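Open the model in a viewer and keep the sequence beside it. The stops below say what to select and what is found there.

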Amino acid sequence: MTGTGAVNRTLRDSLRGVEADVVRCERCPRLRDWCRTVARVKVRRFQDHRYWARPVPGWGDARARLLIVGLAPAAHGGNRTGRIFTGDRSGDFLFAALHRASFASRPVSIFRGDGLRLIDCYVAAVARCAPPGNRPLPEEVRNCREYLAREWALLTRVQAVLVLGKVAMDGFLAMLREIGRLPPRKAYAFGHGVVHDLGAGLALYGSYHPSQQNTFTGKLTSADLDSVLAAINRALGRRSSAATAPGKA
């Protein structure tokens, strides 16, 4: 995919169109086989659940000023529920923080269509299928890049991007370089709480991923994530109280 091709496609594109293309994507046989296997074998606590087992689209407020980019759906989270960060421990941690920062209408997301709305916020990932060991291959991330580029072109109000982990940051920056939005060789260091000015009114914020590996060990605490979201709210001129404003799911 060239940058020009991505831009031309978005002239007749929509977030709903991106969603439809993501859901029927079969570009990565390894990932598709893994997602279907997980859905068939399941784990004991979800034996009675019908798994989504398809690529998982981004979702949120079409007028969002904050874009959150994660790594990939969890095998028994998004791959089960059909919505990224929904139904797993990482999502429990993230949505509670988003609610405290007024970016989510409620602190818990259990299943697709459970009533949780994202407010001024859109959530996507650099890989749209759950990968074995939570590690997509570089070529699998590249295969998904078109979808992130199309969402980026459609989310025209974004002023802040929060990347959850270094792989998410690298994937997002690679997309910007591919469409000609960033210089090809400029490096951006990853770290929790780092902020990079990407020019043209866009800021990039870094956070450790809210995986159990990070949250259970204390590498990422609630206060740590709250601090990053508070900085984003200040930059956007928003308040960080419980969210009641209208949003789109």
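**Two helices side by side**

Select helix α2 (residues 15-23) and helix α6 (residues 138-154): their axes come within 10 Å and cross at roughly 170°. An angle over 145 degrees counts as roughly antiparallel, so α2 is roughly antiparallel to α6. Keep in mind that this is a predicted model.

Now show the side chains where the two helices meet. On the α2 side, select Leu-15, Gly-17, Val-18, Asp-21 and Val-22; their partners in α6 are Tyr-147, Arg-150, Glu-151 and Leu-154.

Next, pick Ser-14, which sits in the loop between α1 (3-10) and α2. Ser-14 is partly exposed, at a relative accessible area of 31%.

**Salt bridges**

How many salt bridges does the count come to? The count is 16 salt bridges, and three of them are stops on this tour.

Start with Glu-146 and Arg-27, which form a salt bridge whose closest N and O atoms are 2.7 Å apart. This pair links distant parts of the chain, with Glu-146 in helix α6 and Arg-27 in the loop between α2 and α3 (29-41), 119 residues apart. Is Glu-146 buried or exposed? Glu-146 has a relative accessible area of 10% and is therefore buried. Arg-27, at 39%, is partly exposed.

Then select Asp-120 and Arg-65, whose side chains meet in a salt bridge at 2.8 Å, N to O.

For the third, select Glu-151 and Arg-128; here the N to O distance in the salt bridge is 2.7 Å. Glu-151 belongs to helix α6 and Arg-128 to the loop between β3 and α6, so the pair ties together parts 23 residues apart in sequence. Glu-151 is buried, because its relative accessibility is 2%. Arg-128 is buried as well, with a relative accessible area of 1%.

To see a network, select Asp-13, Asp-21, Arg-24, Arg-27, Glu-146 and Arg-150 together: salt bridges that share partners join these residues into one network.

**A nonpolar patch on the surface**

Switch to a surface view and select Val-108, Ile-110 and Phe-111. These residues form a nonpolar patch on the surface, with about 270 Å² of accessible area together. Where is Ile-110 placed? Ile-110 is in the loop between α5 (89-100) and β3 (121-125). With a relative accessibility of 48%, Ile-110 counts as partly exposed.

**Two residues with positive phi**

Ser-102 is also found in the loop between α5 and β3. Its phi is near 70°, a positive value in a residue other than glycine. Ser-102 is buried, with a relative accessible area of 6%.

End the tour at Asn-134, in the loop between β3 and α6. Asn-134 is not a glycine, but its phi is positive, at about 60°.

Terms used. Residues are numbered from 1 along each chain as its sequence is written. This is a predicted model: local features need pLDDT of at least 70, side-chain atom pairs count only at pLDDT 80 or more; totals for chains, interfaces and linings use all residues. Side-chain values use heavy atoms; hydrogens and water are left out. Patches are made of residues with over 30% relative accessible area and no salt bridge: like charges are joined within 9 Å, nonpolar side chains (Val, Leu, Ile, Met, Phe, Trp, Tyr) within 5 Å. Accessible areas come from the Shrake-Rupley method with a 1.4 Å probe; for residues, only the protein chains shown count as cover. A salt bridge is a side-chain nitrogen of Lys or Arg within 4 Å of a carboxyl oxygen of Asp or Glu. Helices (H or I, at least four residues) and strands (E, at least two) are DSSP runs, numbered from the N terminus. Buried means under 20% relative accessible area, exposed over 50%, partly exposed in between (1.4 Å probe, protein chains only). Axes are lines fitted to C-alpha atoms, for helices over the stretch in contact, and angles run from 0 to 180 degrees between N-to-C directions. Angles under 35 degrees count as roughly parallel, over 145 as roughly antiparallel, 65 to 115 as roughly perpendicular and the rest as oblique. Contact means heavy atoms within 4.5 Å.
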